[in-house]
Amino acid sequence: MRDIVATIQADQYRLITSGLDGVLVVQGGPGTGKTAVGLHRASWLLYTHRRRLAREGILVVGPNRTFIDYVSQVLPSLGETSVVQRAVGDLRDGTEPEGRDSPEAERVKGDVRMAEVLRRAVELQLRAPDEQLAGFLDGTEIRVYPERIAQLVAEARGESPRFDAGRERLRMKLLRAFYEGYGRKLGLAATRSFDEIERGLRRGGYLQRFIDRIWPALDPDRLLGRILTDAACLAEAAARVLAEDEQRALLRPKRDARRWSESDVPLLDELDDLFTGRTRSFGHVIVDEAQDLTPMQLRMIARRAPSGSLTVLGDIAQATGPFAYDRWEEPLRQLAVDGEVEVEELVLAYRVPWEIMALALPLLPRIAPGARAPESYRPGGRTPRFLEVEPASVARVTAQEAVLLDAGEGTVAVIAPAALADGIREILGQAAVDWLAVLAPREAKGLEFDHVVVVEPTLVVEDAPGVQGLRHLYVALTRATQTLTVVHARPLPEELEA
């Protein structure tokens, strides 16, 4: 990052100073400076459009908290402290994701079909009226019958896209219907005001209880918790939308009803929008590592950029999320972009030395056939080292190499498949070296380290289906700025044997 910031090139500067309106997509391989461009762009936009953006603000969205912590000092160093920086899992205020989803549940929750499931779940909370609204005024009984109430419910729903606003509209419609009935019944003898009628119906909570039985007050957290733990509730909302196996993947024990995962946050945000539509919006939104976001996460981001002014940063070749996008048109579709879209490409790689990039590039034709290969700006790195060991020694040798590298200068990370990560951490802990980062490939996305140890490349590939595994490996191999060490017992993927 320091090298990129210090050497902003003409092609990067052109993107930094691009206009505010519309969507700018910056496609670039590892180390090409996408993040630096995005953060400098935030600073430039605030300076150039200060009057507008001082009021509306800029939101920077990253893939996780580790990434946000990593870049959080860049904007202050550029003189901007007013930009909101959030991990995508933290976009909904007050929600702390703690749970973990299975890969299948993560994929279903990220699917845009969940928007329809949630919409239907909200609609299903409405109940057909089966009783009349009645009261005595001036010795006369006034009634609003269920058939008329059903009409008022339909009118209120059609006039109000938000659930809470529709509930309030129904309250006013019921009051008016009762008041009109009072006027028809008593004619010129109807001397009570509308406010008097309202106070009478509200007395003792009568009107509120009546509305609650038809149009209940809903809490997004409580409703989503019910959907995810009540098979019958989910089946009713998801009928003909999600297959039975997809519904089963979503269900969890009632004790975990509100133990939210990162994939639940967009669902809660969708419900917030269905209920109130009061999402905070920004004048411009910058999204980093956008190729990993699910359709539901992208919908969540789109709500925060109602003007359609966005900068989208990413690399299709590093798309390792639940949805393996092959073209930028796919995620952009979920952003509901109506205005102008520019797709620009950065090719010059500032972070990864060419010796390391040369090892990773044979993967590119498999993982992103249409992408241009990054051209390394940094020659002179060391040739990657390969340590072939016995299967039982993989974790121990990895830990030893990491400790040796940590004794020198620079930052160190181990990137390992899930099956080996805990063993490596345990050995490091026994050696009282618990500060070294041991990351999965997806967790390392967007980060850089001086020295990286990649563990069992073949297992990294096998940990994800199809092309995704190769993309994970591509990410892992391109995090180092100085040295790369590969520890393995199994045969290497054929792309690394070339």
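On a 1 Å grid over the protein atoms alone, a cavity here is a set of points where a 1.4 Å probe fits but cannot get out, and its lining residues have an atom within 4 Å of a point. Grid points are joined across faces, edges and corners, and a volume is the space filled by probe spheres set on the points. By this rule the count comes to three cavities of 30 Å³ or more. Keep in mind that this is a predicted model: local features need pLDDT of at least 70, side-chain atom pairs count only at pLDDT 80 or more, and totals for chains, interfaces and linings use all residues. Residues are numbered from 1 along each chain as its sequence is written, and side-chain values use heavy atoms, with hydrogens and water left out.

**Cavities**

- The largest cavity holds about 190 Å³ of space.
- Its lining has 20 residues, and Gly 31, Lys 34, Thr 35, Arg 351 and Gly 446 are the closest to the centre.
- Helix H3 (34-48) and helix H5 (65-71) each put at least two residues into the lining of the largest cavity; helices (H or I, at least four residues) and strands (E, at least two) are DSSP runs, numbered from the N terminus.
- Sorted by type, the lining of the largest cavity has eight nonpolar, seven polar and five charged residues.
- Strand S1 (23-28) and strand S8 (341-346) are the elements that give two or more residues to the lining of the second largest cavity.
- That lining splits into eight nonpolar, three polar and three charged residues.

**The five-stranded sheet**

- There's an open sheet of five strands, ordered S11-S15-S14-S12-S13, with parallel pairing; two strands pair if DSSP finds at least two bridges between them.
- Strand S11 (385-388) and strand S13 (437-439) sit at the edges, each pairing on one side only.
- From one strand to the next, the twist averages 20 degrees.
- Strand S12 (412-415) and strand S14 (449-455) pair in the parallel sense over four bridges, and Ile 415 stands opposite Val 454 in S14.
- Helix H21 (394-406) packs on the sheet, touching S11, S12, S14 and strand S15 (480-488), and its direction makes about 170 degrees with that of S14. Axes are lines fitted to C-alpha atoms, for helices over the stretch in contact, and angles run from 0 to 180 degrees between N-to-C directions; contact means heavy atoms within 4.5 Å.

**Burial and loops**

- In helix H7 (103-110), Ala 105, Val 108, Lys 109 and Gly 110 are buried (buried is under 20% relative accessible area, exposed over 50%, partly exposed in between, with a 1.4 Å probe and protein chains only).
- The buried residues of H7 pack against helix H8 (113-123), helix H13 (220-229), helix H15 (244-250), helix H16 (265-275) and helix H17 (295-303).
- Ser 160 is in the loop between helix H9 (146-159) and helix H10 (163-186), and it counts as buried because its relative accessibility is 3%.
- Leaving out residues up to four places away in sequence, Ser 160 touches Ala 165, Gly 166 and Arg 169.

- Asp 138 has a positive phi of about 50 degrees although it is not a glycine; Asp 138 is in the loop between strand S4 (133-137) and strand S5 (140-144) and is partly exposed at 40%.
- Ala 432 has a positive phi near 60 degrees; Ala 432 lies in the loop between helix H22 (418-430) and S13 and counts as exposed at 54% relative accessibility.

How values were computed
On a 1 Å grid over the protein atoms alone, a cavity is a set of points where a 1.4 Å probe fits but cannot get out, and a pocket is an open set with protein on both sides within 12 Å along at least five of seven lines; lining residues have an atom within 4 Å of a point. Ala, Val, Leu, Ile, Met, Phe, Trp, Tyr, Cys and Pro count as nonpolar, Asp, Glu, Lys and Arg as charged, and the others, Gly among them, as polar.
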